[in-house]
Amino acid sequence: MSFKEIDVKNIQKNPFAMIGDEWMLITAEKEGSVNTMTASWGGVGIMWGKPAATAYIRPQRCTKEFVDASEYFTLTFFGGGQKKALGYLGSVSGHDEPDKIGKTELNLTKIDGHPTFEEAALVLVCRKLYAQKMKPECFMGTEEIEKWYPDRDFHTMYIGEIVKAYEAE
């Protein structure tokens, strides 16, 4: 698959469907190795005058170590396809299965030196701008904590500037 660079303002897909329904992969590289995880939480918009994406990663996820170690991460969207692979990559940890990508039909590739997948419909290359662990005292109520964090394993929120966007040709 080949990709063409596009202006992020020309993305026609609904971000609620892309992230919440179709899911995405958060991918980063550390010391020559790549790790990825499926996410269905996140967002896109403008932050500090720049096109930006947010991604949320729990502390126990192997991908967090990779995102923390890298200046960049990619968000990869498959247009609703590849759900079996995304389900697997979201449920298996790189701590337990270091070659979990190899256990799927997805093919790792790089765009401008950043890891993504040949089967992608859309790739956002993000440069990390900000990271902060969510804190229980910052929640306005307890409903979300009780529902989503019974183990108190609060996500780290990453804000990345979308420096490039690519669509499959």
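# Exercises on a predicted model

At 37% relative accessibility, Trp148 counts as partly exposed. The exercises below concern a predicted model.

## Exercise 1. The aromatic pairs

Task: Determine how many aromatic pairs the whole structure holds, and classify the pair formed by Trp41 and Trp148 from its ring geometry.

Solution. 
1. A search of the whole structure returns six aromatic pairs.
2. For Trp41 and Trp148, the ring centres are 5.0 Å apart and the planes meet at 85°, so this pair is edge-to-face. The cut-off needed here is that planes over 60 degrees apart count as edge-to-face.
3. Trp41 belongs to the loop between S3 and strand S4 (42-47), and Trp148 to helix H4 (residues 143-148), so the pair ties together parts that are 107 residues apart in sequence.
4. Trp41 has a relative accessible area of 31% and is therefore partly exposed.
5. Phe139 and Phe154 form a tilted pair, with 5.8 Å from centre to centre and 45° between the planes. Phe139 is placed in the loop between S9 and H4, and Phe154 in the loop between H4 and S10, so this pair ties together parts that are 15 residues apart in sequence.
6. Both Phe139 and Phe154 are buried. Together with Tyr149 they form one aromatic cluster.

## Exercise 2. The buried face of H3

Task: State which residues of helix H3 (residues 83-91) are buried, and explain why they line one face of the helix.

Solution. 
1. The buried residues of H3 are Ala85, Leu86 and Leu89.
2. Viewed down the axis of H3, these residues fall within an arc of 100°, so they line one face.
3. In an α-helix there are 3.6 residues a turn, so residues three or four places apart point the same way.
4. The face turned away from the buried side of H3 carries the exposed residues Lys84 and Ser91.
5. The cover over the buried residues of H3 includes strand S2 (24-30) and S3.
6. Lys83 lies over the face of Trp23, at 3.5 Å from the ring centre.

## Exercise 3. The nonpolar cores

Task: Identify the residues that touch the most other members of the largest nonpolar core, and describe the surroundings of Val67.

Solution. 
1. The largest nonpolar core has 23 residues, of which Ile26, Val67, Phe73, Leu75, Phe77, Leu124 and Cys126 touch the most other members.
2. Among the elements giving two or more residues to this core are helix H1 (15-21), helix H2 (62-69) and strand S6 (72-77).
3. Not counting residues up to four places away in sequence, Val67 touches Ile26, Ala28, Ile57, Phe73, Lys128 and Tyr158.
4. A second, separate core of 15 residues includes Val34, Leu89, Val125 and Tyr166.
5. In H2, the buried residues include Phe66 and Val67. Lys30 lies over the face of Phe66, at 5.1 Å from the ring centre.

Technical notes: Residues numbered from 1 in each chain as written. Predicted model: local features only at pLDDT ≥ 70, side-chain atom pairs only at ≥ 80, totals over all residues. Heavy atoms only, no water. Buried < 20%, exposed > 50% of the residue type's maximum accessible area, 1.4 Å probe, protein only. Helix = DSSP H or I, 4+ residues; strand = E, 2+ residues; numbered from the N terminus. Arc of directions from axis to C-beta. Contact = heavy atoms within 4.5 Å. Core = buried A, V, L, I, M, F, W, Y, C linked by side-chain atoms within 4.5 Å. Phe/Tyr/Trp six-rings, centres within 6.5 Å; stacked < 30°, edge-to-face > 60°. Lys NZ or Arg CZ within 6 Å of the ring centre and 35° of its normal.
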